[in-house]
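Dear colleague,

Please find below the structure that I am handing over to you. My notes on it follow directly after.

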Amino acid sequence: MSALLQRLPPARKQAARRILRLSLAAVFFSALAACQTPAPAPEPEVSPQAPIVKPEPLPEKPAVKPPPPPPPPPPPVAVLLSRDIPAYTAVSAALEARLMETADSPTAPMIVDLETTDSNDLLDLLGESKVRQVVAIGDRALDAVEGLTELDVIYAQVFTPQHKHRGVPAIPPAKAQLTYWRKIDNDLQRVGVLGSEPFRAAIEGIAAAGSELGMVVQRSIVSNDKQAWLEFRRLLPEMDGFIILPDQSILSPGVIQKILSHGRKNNVRFLTYNALLFKLGAHLHVTQNPEDVASQIADLLKNEELRERPLTVFRARTQGSEVFVDVNS
């Protein structure tokens with residue numbers, strides 16, 4: 001560049017130098033401006049992104065079924081009382097307590113007093129409550145449901161029951177009675193008993209039990225109180241004791257008084273099932289234990305295959321004592 005400038009004339013040499021200086025200055029300032037321009041910001045480092053893992057879907061919960069409604073309570077048992085007397089109400093109370101204690105779904109029995117409930121009201125009550133089982137306590141109660149064949153009827157405190165029904169005999173087993181009677185009266189060997197046709201089964205049961213125990217049982221079937229009195233007098237010399245059955249068809253109050261009076265004069269001892277006759281002079285009073293009657297009824301209510309449940313315990317008291325003792329049958 002210097003050699004080229006030396007060959008130029010002085011005027012052009014000066015102009016050339018000026019142009020060269022200006023070019024150098026332009027280059028200098030362009031370089032300086034480039035140095036002052038900020039460098040572009042570095043791009044941020046991007047960390048490798050973790051793979052997106054979709055959660056496994058939760059298993060669907062099975063639909064919760066609502067609990068089934070409780071079964072309806074069983075229909076109540078209807079207890080029909082022939083009369084409002086202790087002999088019947090004691091059995092009813094004992095039965096109600098037993099049913100409430102032992103049932104899976106206790107339902108109090110429906111107690112109906114037939115002295116204050118007529119037959120039409122009774123039918124309405126039984127129909128509305130959908131009763132299926134009826135306990136008839138006493139003859140009148142059994143008669144009240146006689147024609148209701150759709151009901152399961154169980155009787156108690158009935159001395160001459162209808163054989164088509166199930167129930168608990170009102171008289172304890174004859175063998176147990178005679179065994180206890182002879183235990184408290186050692187010289188008792190000959191026993192007499194009278195009754196009408198409906199009591200034939202009871203009379204034959206007493207005769208069979210006496211024979212098994214080695215005792216003599218004089219018995220007779222009669223049809224009215226006059227025959228009963230005559231037969232009693234005929235059998236009197238051949239018996240030590242006499243069983244007064246609760247047979248109102250042949251034992252009128254007048255005949256009973258004559259039998260008791262005549263018997264006592266001849267040292268005949270009497271067994272009765274009636275508290276009044278015991279007060280009138282009978283030697284031995286035999287009656288039911290309400291708890292035992294209720295127990296046997298409860299068994300019949302639970303098991304419809306059973307026809308009869310005999311008493312397993314009875315109560316007895318002797319003349320001169322008002323205290324009953326329980327005797328196992």
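The crossing of helices α3 and α11 is right-handed, a term used when the near helix is turned clockwise from the far one by less than a right angle. Helices here are DSSP runs of H or I with at least four residues, and strands are runs of E with at least two, numbered from the N terminus. Contact between α3 and α11 (heavy atoms within 4.5 Å) involves, among others, Ala-90, Val-91 and Leu-95 of α3 and Pro-290, Val-293 and Leu-301 of α11.

This is a predicted model, in which local features need pLDDT of at least 70 and side-chain atom pairs count only at pLDDT 80 or more, while totals for chains, interfaces and linings use all residues. Residues are numbered from 1 along each chain as its sequence is written, and side-chain values use heavy atoms, leaving out hydrogens and water.

In helix α8 (residues 225-235), Ala-228, Trp-229, Glu-231, Phe-232 and Leu-235 are buried, meaning under 20% relative accessible area with a 1.4 Å probe, protein chains only. Because these residues cover an arc of only 170° around the axis, they lie on the same side of α8; the arc is taken from the directions from the helix axis to the C-beta atoms. The buried residues of α8 pack against β6, β7, β8, α9 and β9.

Finally, Leu-148 lies in the loop between α5 (139-144) and β4 (152-156). Leu-148 touches Leu-123 and Leu-126, leaving aside residues up to four places away in sequence. Leu-148 and Leu-123 are 25 residues apart in sequence, yet 9.3 Å apart in space, C-alpha to C-alpha.

Yours sincerely

How values were computed
Buried < 20%, exposed > 50% of the residue type's maximum accessible area, 1.4 Å probe, protein only.
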